[in-house]
Amino acid sequence: MLGDYIGVYGNRQGLSLGATLSGKSGDLGGSKANGPGGTELAGGAGGGMSLSEGVIKGLKEAAQEAVKEALKTGLPLTIINEELIPALDVVGKGFEKGTVFLPQLLMSAEAAKSAFEVIKAHMDCSGQAQEPKGKVILATVKGDIHDIGKNIVKVLLENYGYQVIDLGKDVPPEKVVEAAVKDHVLVVGLSALMTTTVPSMEETIRQLRKEASWVKVMVGGAVLTKEYADTIGADRYCRDAMASVEFAGEVLGG
């Protein structure tokens, strides 16, 4: 659910919950990113650089300035869905093709993270954040160090009024179970970007069923599908961050 794509949470092609990253050259480096319809995404500060371009190129300060500009006229969730996520898609596809490498990926991840922090602060100050409705545990599973997708899910859940217990990345099954039992948490979200870490997700779910049978588990990440999520025993496959918010609402209300 929340894997490398950042984290972006979910299975948008080319982007895993955690995967992000700046373009290296060629198709990622030189031109402005386009949205789903082929149009240039909203521009920001910094000589007209768009938010998406700032993320793709891994320019942290440019991304922050661009998102501040975008928030003057745009809604936070619209900016996330129409600018940030498409930018992450572009970089994720480059990563899969081998045209984007780890240093660039990390730079873009930081740029995206900084933009999300600005959006979250804006939502808090504008009163869009709500009182907590219930607790949700989020974790990127053992062996997986990508958490951009998970972080996006966290931002959305918090601003829909849920209290998020973020266990971070590379989280052992036992730690997830311990946290669920300690606070009797009803919803756990797990993300995985890499195919090699999906068995860790399955093991985490197995241990939760044994030690915390009341928990409902949502999963996401670029390597997952609904069919595979069903196979490993998840209660819900979340294709994107909003799907995780909807599932939390079904279980916890709101």
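Predicted model: local features only at pLDDT ≥ 70, side-chain atom pairs only at ≥ 80, totals over all residues.
## Packing of helix 6 and helix 7

Two packed helices are described by the angle between their axes and the distance between the axes. In this model, helix 6 covers residues 173-183 and helix 7 covers residues 198-211. Their axes come within 9 Å and cross at roughly 35°. The crossing of helix 6 and helix 7 is right-handed.

On the side of helix 6, the contact is formed by P173, E174, V176, V177, A180 and V181. Helix 7 contributes S200, E203, T204, Q207, L208 and E211. Of the residues in this contact, six are nonpolar, three are polar and three are charged.

## Residues with positive phi

Most residues other than glycine have a negative phi. D170 has a phi near 55°, a positive value in a residue other than glycine. D170 lies in the loop between strand 2 (163-166) and helix 6. The relative accessible area of D170 is 32%, so this residue is classed as partly exposed.

H184 is not a glycine either, and its phi is positive at about 50°. H184 belongs to the loop between helix 6 and strand 3 (187-191). With a relative accessibility of 46%, H184 counts as partly exposed; the class of exposed residues begins over 50%.

## A salt bridge within helix 2

The structure holds eleven salt bridges. One of them joins the side chains of E65 and K68, with an N to O distance of 3.6 Å. Both residues lie in helix 2 (residues 60-70). E65 and K68 are three residues apart, which is about one turn of the helix.

How accessible are E65 and K68? E65 is partly exposed at 39% relative accessibility, and K68 is partly exposed with a relative accessible area of 41%.

K142 is partly exposed, with a relative accessible area of 38%, and D170 counts as partly exposed at 32% relative accessibility.

A salt bridge is also found between the side chains of D235 and R209, at 2.9 Å from N to O. D235 and R209 are 26 residues apart, and this pair too links distant parts of the chain. D235 is in the loop between helix 8 (226-231) and strand 5 (236-237), whereas R209 is in helix 7. D235 has a relative accessible area of 32% and is therefore partly exposed. R209, at 31% relative accessibility, counts as partly exposed.

Technical notes: Residues numbered from 1 in each chain as written. Heavy atoms only, no water. Axes fitted to C-alpha atoms, helices over the stretch in contact; angles between N-to-C directions. Helix = DSSP H or I, 4+ residues; strand = E, 2+ residues; numbered from the N terminus. Left-handed = near helix turned anticlockwise from the far one by under 90°. Contact = heavy atoms within 4.5 Å. Nonpolar A, V, L, I, M, F, W, Y, C, P; charged D, E, K, R; others polar. Buried < 20%, exposed > 50% of the residue type's maximum accessible area, 1.4 Å probe, protein only. Salt bridge = Lys/Arg side-chain N within 4 Å of Asp/Glu carboxyl O.
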